[in-house]
Amino acid sequence: MPFPVIPAALLRTLIAVSGLSLVVACAAETRTPTDQPSPTAPLSSPESPVLQSFADWRATFREEALAKGISPLVFDRAFSAIEPDASVIDADRSQPEFTRPVWQYLEGAISPQRVSKGRALLRKHSATLDAIEARYAVDRNVLVAIWGLESSFGQIMGNKSVIRSLATLAHEGRRPAFARAQLLAALEILQHGDVQPERMRGSWAGAMGQTQFIPTTYNTHAVDFDGDGRRDIWDSEADALASAAHYLQASGWKLGQPWGKEVRLPANFDYALADMDTRKALAQWRQLGVSGLTGLDEQTQASLLLPAGHRGPAFLVLDNFRSILRYNNSSAYALAIGLLSERFDGRGLIQADWPEDEKPLSRSQRLELQERLQNLGFAPGTPDGIIGANTRRAIRQYQQQLGWPADGYASLALLERLRQSR
């Protein structure tokens, strides 16, 4: 689901419960689906501040909502019988301990069943997709790929009350200001009449519909494409697909340009160049010995992506890859969307082998790695178990000090080497 600055983007980083992602453009990390989550944190502790009662919070929020133009009737109907949902707080505070490696994530995301269903829906909705492409200049295959990963083509949209979930998070979640803004936006949607409260259902984090938009993204990018007077991303495939297209158009999508391409790297390549902040023209990558570049303008700007480190496949990714990242800021997700969109046409097969003997680090191991880097004088940022840009930069510096390929990849071998350092 797309976020305002991260379509369903910030939320997805929070959501690690399945191979489906939210469309809330989120964190900046290669996220993969999780296995069983670790036990959640308690809802309160002796050290926790005493929460305002939900009734008192609701009364205060009602005043705020009415001051922002929400009708008392809309508010009272939306909040009728609404009480906090403990399962939402559990999900918000749960910290997944284990993640699946990217190749397993891709295997699930680009399953034969999803490819087959996507091809059938491309044929079924060809006229609608023709019209969407003409209006928004966004390629149909990528829209259907997003549809498939976000909600399994509308089959899995989440069944929680969006109002209840967001009210719970605004009352006692970890990011109450964000949830409060989303809750106000959700009330605006109800006031506009696009959906009734009982139909406004979605994920625990408030992502909604077949394209998993969060409310603020819905308000800025959802469209009524079927002309029935409502922006219905729940029950109208046309509205859902066109809304995703509108979002990608605003994110800079370039019709007809590929998302990227698998490439081959030469021996003794400088893997420190594998960074989304490093952009070079294809002609420059070619001069560095990168091969496999065909059919693209030599001046096209691209970044090198190594989703499994230097031992795995390499990809040069273009601006459309970045547009997908704005929908969900996960390189694994964006790679899955790009490959799935190609697989519909019989392409998208990865040639290089994945390092399947590589066991991904658990969350506690990622935390330990960050702490050890910090203790050695590197700057991975506050240890949080997320291997983001700062951590990758610190890893590269340490790898260069060791004389290892500086790909910024957090591996078990790297952690074991850190454990030997004093």
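These legends walk through several close-up views of one protein model.

**Before you look.** This is a predicted model, where local features need pLDDT of at least 70, side-chain atom pairs count only at pLDDT 80 or more, and totals for chains, interfaces and linings use all residues. Residues are numbered from 1 along each chain as its sequence is written, and side-chain values use heavy atoms, with hydrogens and water left out.

**View 1. The whole protein, to get your bearings.** You'll find 18 helices and six strands here; helices (H or I, at least four residues) and strands (E, at least two) are DSSP runs, numbered from the N terminus. Of the 422 residues, 55% are buried (buried means under 20% relative accessible area, exposed over 50%, and partly exposed in between, with a 1.4 Å probe and protein chains only). Take the contacts between residues at least 6 apart in sequence: 66% of them join residues at least 24 apart. Contact here means heavy atoms within 4.5 Å.

**View 2. An open sheet of four strands.** Reading across, the order is S3-S6-S5-S4, with antiparallel pairing. S3 and S4 (280-281) stand at the edges with a single partner strand each, so one side of each has no neighbour in the sheet. Two strands count as a pair if DSSP finds at least two bridges between them. Strands of a sheet pair through backbone hydrogen bonds, either parallel or antiparallel.

**View 3. Strand by strand across the sheet.** Start with S3 (residues 260-263), which is joined to S6 by four bridges; look for Gly-260 opposite Val-317 of S6. Next come S6 and S5 (residues 301-305), paired over three bridges, with Leu-304 standing opposite Leu-316. Finally, two bridges link S5 to S4, and there Ala-281 sits opposite Gln-301.

**View 4. Strand S6 and helix H14.** In a regular strand the side chains alternate between the two faces of the sheet. In S6 (residues 314-317), Ala-314 and Leu-316 point one way while Phe-315 and Val-317 point the other, and all are buried. Helix H14 (residues 319-327) is mostly covered too, with seven of its nine residues buried. Among those buried residues are Asp-319, Phe-321, Ile-324 and Tyr-327.

**View 5. Helices H7 and H12 side by side.** H7 (residues 126-136) and H12 (residues 237-250) pack with their axes 10 Å apart, at an angle of about 25 degrees. Axes are lines fitted to C-alpha atoms, for helices over the stretch in contact, and angles run from 0 to 180 degrees between N-to-C directions. The two helices are therefore roughly parallel (under 35 degrees; over 145 is roughly antiparallel, 65 to 115 roughly perpendicular, and the rest oblique). H7 contributes Thr-128, Leu-129, Ile-132, Arg-135 and Tyr-136 to the contact, and H12 contributes Ala-238, Leu-241, Ala-242, Ala-245, His-246 and Gln-249. That makes seven nonpolar residues, three polar and one charged (Ala, Val, Leu, Ile, Met, Phe, Trp, Tyr, Cys and Pro count as nonpolar, Asp, Glu, Lys and Arg as charged, and the others, Gly among them, as polar).

**View 6. Two alanines with positive phi.** Ala-81 lies in the loop between H3 (72-78) and H4 (86-93), and its phi is near 65 degrees, a positive value in a residue other than glycine. Its relative accessibility is 75%, so Ala-81 counts as exposed. Ala-137, in the loop between H7 and H8 (140-151), has a phi near 55 degrees. At 31% relative accessibility, Ala-137 counts as partly exposed.
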